Amino acid sequence: QHASDHRLTPLQSFIADVLSGLLARTLTSPFEVVKTIQQIGTAEGGDFFSTVQNIWAIEGFWGFFKANLARIIRSVPFSAARTWFAMHGVGVYHGFDLSSLAATLVSHPLVLVKTRLTQQLTTAPMYSEFPAVAAVQIATQDGFFALWSGVVPALMHDAITNWIESFSKRKFRRLTSIQAFARDTVIGSIAQLVALPTEVISVKLQAQSRYIHGAARSNVECDGSFDCMTKMLRSGGMTSFFTGAFASILKILPYFYIEIVAFDVLRKLFVYYNGYIESPFSETPKKNVPQHL
């Protein structure tokens with residue numbers, strides 16, 4: 001609803017979107033790091049609380065923010081690719097956002113880089129913290145197409161979550177801001193749980209490399225989605241497909257809340273800067289000023 005504020009320029013809306021997303025991703029990074037380490041199955045992994053303790057003991061506070069740069073940067077090519085595909089006629093088909101799936105395919109190498117940077121110990125790094133350099137290192141070691149390891153289950157994950165979220169928005173349209181926030185939080189949690197097995201398989205495949213040794217190595221060595229599924233069933237049973245569920249659910253509520261609040265703060269600042277309201281801390285319009293751009 002805020003994104004449709006006609007008192008903002010397109011550039012201002014874009015800046016507010018990007019900055020609020022960056023803040024939300026950064027502040028919820030600890031949940032993402034814990035979830036990824038659990039799904040990879042490194043020596044730091046375990047249940048949620050033991051993983052948190054292990055990261056703190058081995059890597060300290062900043063261990064919860066490793067790979068954050070790659071996590072942030074990934075949103076740029078993803079958004080750009082999604083917009084480009086949408087502008088060129090790649091839209092929604094039977095509830096599936098095809099432009100989003102195409103963007104997932106294009107930006108997947110940064111997802112893999114993020115996974116590898118999370119997988120490594122900050123005390124014994126294997127790759128550079130700069131995503132572009134890390135991508136070159138991975139391509140040199142494992143081959144260029146290794147950057148797309150796990151892309152098929154990643155596409156399946158996005159397809160499932162996109163369909164569930166778009167279906168809920170079609171069914172529940174006329175909502176207040178609070179109701180829309182509650183809907184997005186609940187449906188987002190359900191979608192993540194339903195699609196979680198595909199995410200776990202994708203992360204496992206992204207973490208495979210013969211150059212990774214010691215504590216950073218995955219607890220399941222596999223080659224391909226089916227092989228990964230088979231070995232996960234043998235080693236951990238069905239519950240292994242829902243590894244990281246608790247961290248994933250914990251992340252959703254603060255992520256949405258931070259993103260919405262940060263966007264609203266920036267929106268008010270821009271609207272005030274454009275001369276439409278009395279203060280950036282209120283919605284009181286200026287007298288005799290038309291409330292449109």
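Helix H5 covers residues 75–87. At 1.5 Å a residue, its 13 residues should span 18 Å. The end C-alpha atoms of H5 are 18 Å apart, which agrees with that expectation. The model described here is predicted.

H5 has a buried side and an exposed side. Ser75, Phe78, Ala81 and Phe85 are its buried residues. Seen down the helix axis, the buried residues of H5 fall within an arc of 135°, so they line one face of the helix. Val76 and Met87 are exposed on the other side. Gly89 follows H5 and has a positive phi, near 90°.

Ala103 lies in helix H6. Its relative accessibility is 0%, so Ala103 counts as buried. Beyond its neighbours within four places in sequence, Ala103 is in contact with Phe78, Ala81, Arg82 and Phe85. Of these, Phe78, Ala81 and Phe85 belong to the buried residues of H5. Ala103 and Pro77 are 26 residues apart in sequence, and their C-alpha atoms are 7.7 Å apart in space.

The chain as a whole comprises 11 helices and 2 strands. From the N terminus on, the order of elements is α-α-α-α-α-β-β-α-α-α-α-α-α. A compact globule of 293 residues would have a radius of gyration near 19 Å. The chain has 21 Å, which agrees. Along the principal axes, the C-alpha atoms fill a box of roughly 70 × 40 × 35 Å. Of the 293 residues, 45% count as buried. Among contacts with a separation of 6 or more, 68% join residues 24 or more positions apart.

In soluble globular proteins, nonpolar side chains tend to be buried together. Here the largest nonpolar core has 12 residues. These are Ala67, Ala70, Leu112, Val113, Leu117, Tyr127, Ala134, Ala135, Ile138, Leu147, Ile212 and Ala216. Helix H6 (98–119) and helix H7 (131–142) are the elements that give two or more residues to this core. Val113 is a member of the core. Leaving out neighbours within four places in sequence, Val113 is in contact with Ala70, Pro131, Ala134, Ala135 and Ile138. Apart from this core lies another, of 10 residues, among them Val220, Cys222, Cys228 and Ala245.

Ala67, also in the largest core, sits in the loop between helix H3 (48–59) and H4. Its relative accessibility is 1%, so Ala67 counts as buried. The backbone of Ala67 has a positive phi of about 70°, although the residue is not a glycine.

Leu147 is another member of the largest core. The C-alpha atoms of Leu147 and Ile15 are separated by 29 Å, and the two residues lie 132 residues apart along the chain. Ile15 lies in helix H1. With a relative accessible area of 29%, Ile15 is partly exposed.

A search of the whole structure finds 0 disulfides. Cys222 is in no disulfide, and its nearest cysteine sulfur, that of Cys228, is 3.2 Å away. Cys222 counts as buried at 11% relative accessibility. Cys228 is also buried, with a relative accessible area of 0%.

The relative accessible area of Thr36 is 1%, so the residue is buried. Not counting residues up to four places away in sequence, Thr36 touches Lys114, Thr115, Thr118 and Val203.

How values were computed: Residues are numbered from 1 along each chain as its sequence is written. This is a predicted model: local features need pLDDT of at least 70, side-chain atom pairs count only at pLDDT 80 or more; totals for chains, interfaces and linings use all residues. Side-chain values use heavy atoms; hydrogens and water are left out. A nonpolar core is a set of buried Ala, Val, Leu, Ile, Met, Phe, Trp, Tyr and Cys residues joined through side-chain atoms within 4.5 Å. Buried means under 20% relative accessible area, exposed over 50%, partly exposed in between (1.4 Å probe, protein chains only). Helices (H or I, at least four residues) and strands (E, at least two) are DSSP runs, numbered from the N terminus. Contact means heavy atoms within 4.5 Å. A disulfide is a pair of cysteine sulfur atoms within 2.5 Å. The expected span of a helix is 1.5 Å times one less than its number of residues. The arc is that of the directions from the helix axis to the C-beta atoms. The radius of gyration is taken over C-alpha atoms; the globule rule is 2.2 Å times the number of residues to the power 0.38.
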